[in-house]
Each structure stands twice: as C-alpha cells, then as structure tokens.
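Biologist: I have a model open and want to go through its side-chain contacts. Can you walk me through them?

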Amino acid sequence: MELADDIAYGVHDLEDALALGLITSTDWEKDLLSFKDKFPTSPLIEEKDTYIQRLFSSSGKDRKHAISKLIGYFVRSISIEKRAFFQHQLLSFNAVMETEAAKCLKALKDLIIKYVIKRNQVQLLEFKGQNIVLNLFEVFSENPNKLLPKNKLEEYTLANDEHKKRVICDYIAGMTDIYATKQYCRLFMPNMGSIFDHI
C-alpha cells in the first residue's frame, strides 16, 4: 500500500501539475534531467524526447499515455522480498522497489514539492486550512457542551481528561474540507449560519 501510495502521489500529482501548467518543459529538463546519473536506464532518461513531447503536449490523451507508461515502469520495478523477521510466514514478505526506480520516483516527488507544494497559492491555502483547524479545535475545547454534536459530546463526557482533546481532534479530523469550512463560517462569521442550515 505504501508503494502504491508513493506511485500515485508521484505520478498523478505530476499529471495534475502538467495539466495546470505548473511545471514547464524548461523546468522539467533543468530539474529532473539534471539527476540523470541517478536513474540513467529509467524511461524518463532513455526515452527523454518522447516523454517531453507527450507530457507537455496540448493533447490530454498524449499526456495520459505517458503517465500510464510511467506508472507501468514503477509497478514493474517492484518485487517481493522475503525477510525472516517474523514468526508468521505471511508477514515475511515485503514489496520493494528497485533502487534506480525509487530514485526516479523521489525526483518526481521533489519536483512536485518545488513547483506545486511550495507555490505561494498552495501555501496560502495550507495556511488558511491550518487556521481553520486550529480555531475549530480552540472553540470546541472551550465550549464542548454547547458546540459538540450529541454523539461526540457523549464520547467527550465519558473520556478522561487526557483523552478529551483526542475526541475533539478526531471529530475535526473526520470533517471534510467543505464541512470544516462551513463550521468555521457558522462560528466565526456573524452573517453566516442558521439553525436551518443542512451541513
């Protein structure tokens, strides 16, 4: 699961960034191809021109084809290793990615961090999200009896002092972005929210 998540994060976030024009072909050549000594037999290096042409094509179909090939490369680089650490035989098997493919995947993830995650607009959204979560936690902690829903209030009431904060954390963690934003607006914006809201 961890490898599947890594591949999905590295490759599908790349596809989204390319589709939105957040990474240019110049960025690609400058950053990714500068690491070519770390993964010289990867398709990104061996088929460099084909990948640049398809990944930066105006055709979404070309981009998806290149992304699909890239996923195939990473999946084929995975093998099963047996380790003798555990008593139960099933736990002895571990999925591992070849070193060169792992370095290539890391370079893709680093590219996403540089050109997407650290981008000003993304950082602003992240800062806004953090503030929403912190403010919700503070207000629920100070007013649990008034603001927590009935099922969470029961759990909160039964919890010992150390666990009470965990109940509130779990409640907020279970919110979708939209729900948390609506809760924040209802609590902190005077002209928002009504007892008739369906959220």
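Predicted model: local features only at pLDDT ≥ 70, side-chain atom pairs only at ≥ 80, totals over all residues.

Biologist: Which residue does Asp-6 form a salt bridge with?

Modeller: Lys-109, with the closest N and O atoms 3.2 Å apart. Asp-6 lies in helix α1 (residues 2-19) and Lys-109 in helix α6 (residues 99-117), so the pair ties together parts 103 residues apart in sequence. Helices are DSSP runs of H or I with at least four residues, numbered from the N terminus.

Biologist: Is Lys-109 buried or exposed?

Modeller: Buried, at 18% relative accessible area. Asp-6 is partly exposed at 24%. Buried means under 20% relative accessible area, exposed over 50%, and partly exposed in between, using a 1.4 Å probe and protein chains only.

Biologist: What does Asp-31 meet in a salt bridge?

Modeller: Lys-114, at 2.7 Å from N to O. Asp-31 is in helix α2 (residues 25-32) and Lys-114 in helix α6, so this pair links parts that are 83 residues apart in sequence. Asp-31 is buried at 11%, while Lys-114 is partly exposed at 44%.

Biologist: And where do Asp-170 and Arg-166 lie?

Modeller: Both are in helix α10 (residues 161-173), 4 residues apart, about one turn of the helix. An α-helix has 3.6 residues a turn, so residues three or four places apart point the same way. Asp-170 is partly exposed at 36%, and Arg-166 is partly exposed at 44%.

Biologist: Switching to rings. How many aromatic pairs?

Modeller: The count is 4. Rings of Phe, Tyr and Trp (its six-membered ring) pair if their centres lie within 6.5 Å; planes under 30 degrees apart are stacked, over 60 edge-to-face, and the rest tilted. One of the pairs is Tyr-73 with Phe-74, tilted, at 5.1 Å centre to centre and 50 degrees between the planes. Tyr-73 and Phe-74 are buried.

Biologist: How far apart are the ring centres of Tyr-184 and Phe-188?

Modeller: They are 4.8 Å apart with planes at 35 degrees, so that pair is tilted. The two residues are 4 apart in helix α11 (residues 177-188), about one helical turn. Phe-188 is partly exposed at 35%.

Biologist: Which residues of α7 are buried?

Modeller: Ile-132, Leu-136, Val-139 and Phe-140. What covers them includes α8 (144-147), α10 and α11, where contact means heavy atoms within 4.5 Å.

Biologist: Last one. Where is Ser-34 found?

Modeller: In the loop between α2 and α3 (43-46). A polar atom of the Ser-34 side chain lies 3.3 Å from the backbone oxygen of Lys-30. A polar atom of that Ser-34 side chain also lies 2.6 Å from the backbone oxygen of Asp-31. Ser-34 and Glu-46 are 12 residues apart in sequence and 14 Å apart in space, C-alpha to C-alpha.

Conventions. Residues numbered from 1 in each chain as written. Heavy atoms only, no water. Salt bridge = Lys/Arg side-chain N within 4 Å of Asp/Glu carboxyl O. Polar contact = N/O pair within 3.5 Å; in protein donor to acceptor, adjacent residues only side chain to side chain.
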